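Here are a few friendly notes to read alongside the model. They take up helix packing, then the contact between the chains.

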Amino acid sequence: MAGYLFVAPQMLGVLLFVLLPVGLAIYYSFNTWNVFTGEMTFNGGSNYSDLVNDPQLPKVLLATLIFSGGVVVLNLSVGLLLAVLLNRRLPGVTAFRAIFFSPVVVSVVAWTLVWGFLLQDNGGINGLLSVVGIDGPNWLQQGPTAMVSVIFAQVVRSVGVNVVLFLAALQGVPRELYEAARVDGANSRKVFFGITLPMISPTLLLTGVITVVGALQAFAQIAVLTQGGPGVSTTVLVYYVFQQAFEFNNIGYGSTLALMLLSFVLVLTILQWQLRRKWVFHEE
Amino acid sequence: MVLALVACGGGSSPAAESAGGVDLRMTVWTSNKDQLALFDSIAAAYRAEHPDVRRITFDSLPFADYNSTLTTQLAGGNSPDLAWMGDISHDLIAAKALAPLTEKLKGTAGWEYGDLVDSVTAEFSRDGELYAYPFSNSPFALYVNNDLLAKAGQTVGKGDLSWQQVSKIGGAVNAKTGKAGFVIRDFDYSGWNMLGTVWPGWGASAWNEDGTQCGMNSDQMVSAFQFLHDAIYVDKSMPGPGVKADFFAGDAAFTVAQVSRATLLDGAFKYSVYPLPTGPSGKYSVIGQAGVGVLKSSKHVPQATDFLAYLTNPANAAKLAQYFPPPRKSLLTGPKLAAVNKKLSAAQLQAAVIDQLNGAVTLPNHTKPAEISQKGKAALDAIWAKDADIKSVLGKTCDALQPLLK
């Protein structure tokens, strides 16, 4: 009984704020909801056929793939690189750790608004580029640069979390393994791929999962910086859900899209969890 | 999951209300202290006469999220009793979500329904029934920063300005001062319906009168967009996409904005106000409207309707006129408006408000305004590139909009 009482608050939270909303989203996805009158009509799954026939959805999924892929690859690789550099015993390294982590504690909207000003045509970035004679692009108004900009703003803000996790993992690698490798004549590359990476692979799995989920849920960056444009080039799935449900009042279709997003997250997480056997050290 | 939580929203508080009296709530998008104080004072006077109404609150929602917040409240069962509304009115009327007002307003002693200007009630009426009181009918005007023009050695003549002149003078101001020539306020390469203040000058419209046929690909519209494109890339009079310029902060020589925006003028520079410039099709005028309606989902429809009749009676309409150009013929004279408007003179109000109301068109408004706005924006983004094929982009814009025009 004590055990049940111990987990009860957490279970109540999961029930109220996870399972119940998911259940309601499933219910809404089979209905058309007239939000102006509150009238709910069963539509026999037409929201799901709309999903197949939505001409905009392939573009949205492509934008989601590019954004999430870019964020995950950069977040993990840059995070690991920074962690390796900050793991050295150098003067002032603690200050650098704080600097790289500090964007994480800044409000995402405030952070994105500042980047919006920096990236506008007559903004700070182009001002700096003009000093060295470069005529910078109109970052947020052209498809490719708009996507690069939102990825960059997202990575710079969130990479600090991965840096901290990687740093903790790196500091947990036994020194004697490195000493033994050196005695055996291993060079830095072999040490990194033969010892460091396998030893921090559980952390790589953790950061991989949370970075993928975080990238798929990124909303404020898009809403503030580009509103999904130009065209639909930066309209990622979670922003499309918001548009359909809360701007266009298609709550049934928005729920259907939200369930698709949930299924993507579930599949990717399960896939990563299953693949851990292949590459995570210490696992069977 | 957020979607599902919408359903968990609370309604009004019947338990509290059973203790004595009705609570009314009206959503508004203004956060102006003076305007809210005026609403509060009218509400206080009403409550003094109606002890059954315990409280009237004005719920100030941010303009940018107004429609989505209102619909979220409706979906969540937390409906306001009255709502200030703009382009969402078409959806609300089409969904039969608003209480009819005509009988109540006509039947209220001293309300003087016949005093309403017919042309301004059309936007909020269906089949002869009025669903929202058009309390603000603010024409768009051309504001001029005379100090910036003087710095650039430019002057505007006494007669009507044309769009070509505005762009030419604006280009000269930009070249001389680095400030913007002209801006269409609230356009920002996103709210493209604000360009509905420009294209009537070319005889263009976003769709036909009954809203069934897209007009974005007409020859007139192509000419209007060609003018705007040239203003950006040839005359350099209009700031391009991604460049911010606020007229009221002194960043531009001209702006098109509603007369009600005159409250933003703080005396930092000398200004003039003109009617909208003429286009190749001649003179035209455009108004932006806001109405107040009663939501059928309100738990107190009779009380809310009664309060609306009080809020908009001749005496209170005269008070509201200091901020919002009224829909009543009796109040529509330059001197009467000037008596309560401290920013513009009687002559300016006559020219910029009174003379513009007759025959004015509204900004493009249709059911599904948010979807039309977003789909139009996504298609029009391509037109703001330097080498854009304007005719082709406008054709694709119609391809995107036509399925929504039913």
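How are α2(A) and α12(A) oriented to each other: roughly parallel or roughly perpendicular?

1. Please keep in mind that this is a predicted model. In chain A, helix α2 (residues 46-53) packs on helix α12 (residues 251-279) at an angle of about 65 degrees. Angles of 65 to 115 degrees count as roughly perpendicular, so α2(A) and α12(A) are roughly perpendicular to each other. Their axes are 9 Å apart, and the crossing is right-handed.

2. Now for the residues that meet there. From α2(A) come A:N47, A:Y48, A:D50 and A:L51; their partners in α12(A) include A:G252, A:Y253, A:T256 and A:M260. By class, this contact of α2(A) with α12(A) holds six nonpolar, three polar and one charged residues.

3. Next, look at helix α11 (residues 237-247) of chain A, which packs with α12(A) at about 165 degrees, the axes being 7 Å apart. That angle makes α11(A) roughly antiparallel to α12(A). Here the crossing is left-handed.

4. The contact of α11(A) with α12(A) divides into twelve nonpolar, two polar and no charged residues.

5. Finally, turn to the two chains. Chain A puts 34 residues into the contact and chain B 28. About 2600 Å² is buried between them, with carbon and sulfur atoms giving 67% of that area. The count of salt bridges between chain B and chain A is zero.

Terms used: Residues numbered from 1 in each chain as written. Chains lettered and ligands numbered in written order. Predicted model: local features only at pLDDT ≥ 70, side-chain atom pairs only at ≥ 80, totals over all residues. Heavy atoms only, no water. Axes fitted to C-alpha atoms, helices over the stretch in contact; angles between N-to-C directions. Helix = DSSP H or I, 4+ residues; strand = E, 2+ residues; numbered from the N terminus. Parallel < 35°, antiparallel > 145°, perpendicular 65-115°, else oblique. Left-handed = near helix turned anticlockwise from the far one by under 90°. Contact = heavy atoms within 4.5 Å. Nonpolar A, V, L, I, M, F, W, Y, C, P; charged D, E, K, R; others polar. Buried area = accessible area lost by both parts, 1.4 Å probe. Salt bridge = Lys/Arg side-chain N within 4 Å of Asp/Glu carboxyl O.
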